[in-house]
Amino acid sequence: MQKRLTRVAIAIVAVAALAGTTATANAGSAGIKGGLKIAIMPKAVNNGYFTAWAKGGTTACKEIGARCTYLGPTTATGAAQVQFINQIIQQHYNVLVISAADQNAIVPALNKAKAAGITIVTSDADVDASAAASRVTAVLPASSTRIGTAEVDWIAAATGGKGSIAILSAAATAANQNAWIAAMGPYLTSKYPNMSWVGGTVDKSVFYGNDDATTSTQQFDAILAQYPNVAGIISPTTVGVLAAAQEKKAKSLTVAITGLGLPSQMGPYITDGTVLKVGLWNPIDLGYVAVYAAAEAASGTFKGTVGSTFYAGNTKKTKKTYTVTAGGITYLGDPFTFDKSNIATFAAIY
Ligand code: RAM
């Protein structure tokens, strides 16, 4: 499975390189209107994870003949995103692909955008389930259970299945991190009898770095100050896990670290043994698939109802069909695990 997906990832990068040289937009792909004006909005633009996500989205835009803009705030908050959502309404975009920094705060602005005729797809981080009608579908990496439990298994591997664990998350408002953390709680308790949560329960063991490097480092330090015997820290954010690895190395600490890390950023820390393993899906693929979903919805060929399908890819080899599951969610596939054996291969891609 992993090998096959790696080949897909490499194929998509190759397509991106080709598209980059083509410059002008294609006439459009089967069933997709040409000339769509698409906004791709991350939680924050200054985050390498979203740079990769936008790279995939931009590749898709070229393939379908759309005009794409990557825009968003420099701080990952709902309030900051709302200003950009208002901007895309004023500028008459047809499509918005967005990773929600705040599952609730952006909903009124999204509903305003929808009322203005903008087709919305969330990707990476969804809005709250109660606001599912504001978007056509959410294109997410994998089920929360799959991602959350994998992270617990990684920290167990790094700690020998013993000791107390803390979480260094992004923000309390982020639906994706919250869903993964919710899945970690009962899994750790049932699968690893010699492991526990530093605060007694998973909810009381979470620190928030706001997807900001400085705040993440401060919160990492706060975990160690409050729980000097902490055995491991799970950071389900690329910003947090990088800050944790850097701080562990700088201070020669022994606490085990894992989480969702960008291989290009985590490579040095896995190679030198600071971190045993981390994992992630391919954010390039995630952005690519989300743009296809949104463009088909804006073209009237995809409705986003549960069980409905859309495709991504413009050649026989890359074209793949995706099916919407419960809650209007479409999944990309299982996350990859990176360790010393494969980190260099992935680091070269994203
Ligand atoms: C950060 C963001 C993003 C999340 C990744 C793993 O870059 O919080 O939403 O999916 O980490």
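User: Which helix gives the largest share of the lining of the largest pocket?
Analyst: This is a predicted model, with local features needing pLDDT of at least 70, side-chain atom pairs pLDDT 80 or more, and totals for chains, interfaces and linings using all residues. Residues are numbered from 1 along each chain as its sequence is written, and side-chain values use heavy atoms without hydrogens or water. The largest share, five residues, comes from helix 8.

User: How much space lies in the largest pocket?
Analyst: A pocket is an open set of points on a 1 Å grid over the protein atoms alone, with protein on both sides within 12 Å along at least five of seven lines. Its volume is the space filled by probe spheres (1.4 Å) set on the points, joined across faces, edges and corners. For the largest pocket that space is about 320 Å³.

User: Which residues are closest to the centre of the largest pocket?
Analyst: The lining holds 20 residues (an atom within 4 Å of a point). Closest to the centre are Asn210, Asp211, Asp212, Ala213 and Val239.

User: How many residues of the largest pocket's lining are polar?
Analyst: Asp, Glu, Lys and Arg count as charged; Ala, Val, Leu, Ile, Met, Phe, Trp, Tyr, Cys and Pro as nonpolar; the others, Gly among them, as polar. Seven lining residues are nonpolar and two are charged. The polar count is 11.

User: Where does the largest pocket lie relative to the domains?
Analyst: Domain bounds come from an automatic or database assignment. Both domains give residues to the lining, so the pocket lies between domain 1 (2-141 + 282-332) and domain 2 (144-280).

User: How is helix 7 set against helix 8: parallel or oblique?
Analyst: Their axes (lines fitted to C-alpha atoms over the stretch in contact) are 9 Å apart. The packing angle is about 60 degrees, on a scale from 0 to 180 between N-to-C directions. Under 35 counts as roughly parallel, over 145 as roughly antiparallel, 65 to 115 as roughly perpendicular and the rest as oblique. That makes helix 7, relative to helix 8, oblique.

User: How do helix 8 and helix 9 run relative to each other?
Analyst: The axes of helix 8 (residues 238-250) and helix 9 (residues 263-271) come within 10 Å. They cross at roughly 25 degrees. The two helices are therefore roughly parallel.

User: How many cavities of 30 Å³ or more does the search find?
Analyst: A cavity is a set of points where the 1.4 Å probe fits but cannot get out. The search covers the whole structure. The count is two.

User: Which residues are closest to the centre of the largest cavity?
Analyst: About 120 Å³ of space lies in this cavity. Of its 15 lining residues, the closest to the centre are Tyr49, Asp124, Gln177, Thr237 and Thr238.

User: Which helix gives the largest share of the largest cavity's lining?
Analyst: Helix 2 (48-64) and helix 6 (175-191) each supply at least two residues. Three residues, the largest share, come from helix 6.

User: Which residues line the second largest cavity?
Analyst: About 40 Å³ of space lies there. The lining is Lys43, Ala76, Ala101, Ala170, Ala171, Ala174, Asn210 and Asp211.

Methods. Helix = DSSP H or I, 4+ residues; strand = E, 2+ residues; numbered from the N terminus.
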